[in-house]
Each structure stands twice: as C-alpha cells, then as structure tokens.
Amino acid sequence: MASILDVLNTNLGKQLINKASKETGESNNNVASVLGMVLPLILGNFKNKIQEGHEEALTEMLEEAPDPFKFIQVFPDKETTELVDCGNDYGEIILGENFSAITNTISESCLIKENSVKKITVISIPVVVAILSIQKKKENLTNNDIEFLIDNALGNSSKYNNSFLETILDTEDDPNIIPKASEMILGKENKKDSILKGYTGGK
C-alpha cells in the first residue's frame with residue numbers, strides 16, 4: 001500500500017529534501033532520515049487532534065489552504081521563509097504541545113541538531129496539509145472522512161490510493177516510479193511494505 005513515505009521517492013519529495021537541506025545545512029541523507037520519521041508523526045498528531053475534539057479547526061485548515069493544487073505545482077519556486085512561517089502556524093495547531101518533544105526525540109534518534117529537525121519539520125508541514133487538502137477536494141470528502149484519509153496516508157488503508165498517488169506524482173516525475181505506483185495500487189507481492197507498516201497514529 002502507498003503511504004506518505006512514498007512522497008520521498010517523487011520529484012516533490014526531492015524538492016522538499018533539497019529545500020530543507022539548503023535551509024539547515026544538513027545532508028540530503030540526514031534530511032530524508034528526519035522526514036522518514038516526521039511525516040507519519042505529523043499525520044498521527046493530526047488524527048489525534050481530531051479525536052481530541054479539534055476537528056473543526058483542522059478541517060477548516062484543509063478547506064482554507066490557499067490553492068493547494070497551485071502550491072504543489074509551484075513548490076520548487078516557493079520561498080523557504082514562506083514555508084517556515086506557514087509551517088510554524090500549522091504546526092502550532094497540528095503538533096501543539098508535542099512539537100518540542102517530537103523534535104527532541106527525532107534529534108536524539110537521528111543524531112541531528114534539534115534546530116535542524118525543527119526546521120525540516122516546519123518546512124514539511126505545509127506539504128502534508130496541501131496533499132490532504134487536494135485529496136479531500138478530489139474525493140469530495142466530508143469532515144467525518146478525514147481520519148480515513150489520514151489512515152490511507154499512513155499506509156493502513158488503500159481506499160484513497162488513487163487520489164493520493166495522483167497528488168504526489170506528476171508528469172515530470174521519473175517514469176520509473178510509475179510502475180511502482182501501480183504496484184502499490186494492485187498490491188503486488190513484489191512491492192516492499194512501507195517503512196512504518198501498521199503505524200496508526202492513534203493513541
């Protein structure tokens with residue numbers, strides 16, 4: 001099944017890694033290691049906040065995300081400072097009081113400076129929000145379906161795989177990844193499981 005970690009194998013993911021690397025001075029490999037941990041945690045905390053009763057604020061965030069389709073298209077040209085500002089605002093809502101604990105834990109696990117981990121996190125948050133926002137619009141989902149959308153992005157469901165893969169892949173992507181995407185949809189046995197198989201993000 002597809003998951004948010006598959007973003008890292010796309011042009012969008014490569015652009016995200018490059019932006020975060022330039023901003024932090026960390027190698028692309030270090031940035032990718034942090035993203036491999038933080039992307040599912042962003043989704044997991046998003047789901048937790050919904051379960052804690054913050055559904056209205058979070059769904060409004062997805063509804064009001066400024067033209068997420070255009071955001072993905074122009075992402076390479078986005079100013080990093082703009083992404084950081086946006087990520088900090090979204091991060092306060094999605095991660096809240098867990099923000100520092102998350103960056104500290106990842107910093108210790110990856111042996112990367114905590115300030116670098118925080119910057120990588122805030123730069124990636126608008127990307128996650130844009131992907132969810134685009135999927136919500138493509139699937140014409142109600143607010144009650146957001147948790148299922150998150151489960152799909154975490155690799156626990158394949159219900160919305162098509163719109164997820166359409167969102168993270170574009171015509172400029174490496175054509176070699178397209179068959180892999182098809183394998184994700186078809187569930188072929190030779191497709192490797194996502195790194196965080198079984199991660200639910202729930203409490």
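Contact here means heavy atoms within 4.5 Å. Keep that in mind as we walk through this predicted model, in which local features need pLDDT of at least 70, side-chain atom pairs count only at pLDDT 80 or more, and totals for chains, interfaces and linings use all residues. Residues are numbered from 1 along each chain as its sequence is written, and side-chain values use heavy atoms, with hydrogens and water left out.

**The nonpolar core**

Let us start with Ile94. Leaving aside residues up to four places away in sequence, Ile94 touches Ile42, Asn45, Phe46, Lys49, Leu58, Met61, Ile125 and Val129. The largest nonpolar core has 58 residues, and Leu35, Phe46 and Ile94 touch the most other members. A nonpolar core is a set of buried Ala, Val, Leu, Ile, Met, Phe, Trp, Tyr and Cys residues joined through side-chain atoms within 4.5 Å. Buried means under 20% relative accessible area, exposed over 50%, and partly exposed in between (1.4 Å probe, protein chains only). Two or more residues of this core come from each of helix H1 (11-24), H2, helix H3 (68-73), H4, H5, H6, H7 and helix H8 (161-168). Helices are DSSP runs (H or I, at least four residues), numbered from the N terminus. In soluble globular proteins, nonpolar side chains tend to be buried together.

**Two helices side by side**

How do H2 and H5 lie relative to each other, roughly parallel or roughly antiparallel? Their axes come within 10 Å and cross at roughly 155°, so H2 and H5 are roughly antiparallel. Axes are lines fitted to C-alpha atoms, for helices over the stretch in contact, and angles run from 0 to 180 degrees between N-to-C directions; angles over 145 degrees count as roughly antiparallel and those under 35 as roughly parallel. On the H2 side, Ser33, Val34, Met37, Val38, Leu41 and Asn45 meet Ile102, Ile106, Ser109 and Cys110 in H5.

**Salt bridges across the chain**

The structure holds 7 salt bridges, each a side-chain nitrogen of Lys or Arg within 4 Å of a carboxyl oxygen of Asp or Glu. Side chains of opposite charge can pair when their charged atoms come close.

| Pair | N to O distance |
|---|---|
| Lys47 and Asp151 | 2.7 Å |
| Glu97 and Lys49 | 3.5 Å |
| Glu63 and Lys136 | 2.3 Å |

In the pair of Lys47 and Asp151, the partners sit 104 residues apart, Lys47 in helix H2 (residues 28-64) and Asp151 in helix H7 (residues 146-153). Lys47 is buried at 9% relative accessibility, and Asp151 is buried too, at 16%.

Glu97 counts as exposed because its relative accessibility is 62%, whereas Lys49 is buried at 8%.

In the bridge between Glu63 and Lys136, Glu63 belongs to helix H2 and Lys136 to helix H6 (residues 114-139), 73 residues apart. Glu63 is partly exposed, with a relative accessible area of 44%, while Lys136 is buried at 6%.

Our last stop is Thr80, in helix H4 (residues 80-94). Thr80 is buried, with a relative accessible area of 17%. Not counting residues up to four places away in sequence, Thr80 touches Glu23 and Ile123.

Key:
Parallel < 35°, antiparallel > 145°, perpendicular 65-115°, else oblique.
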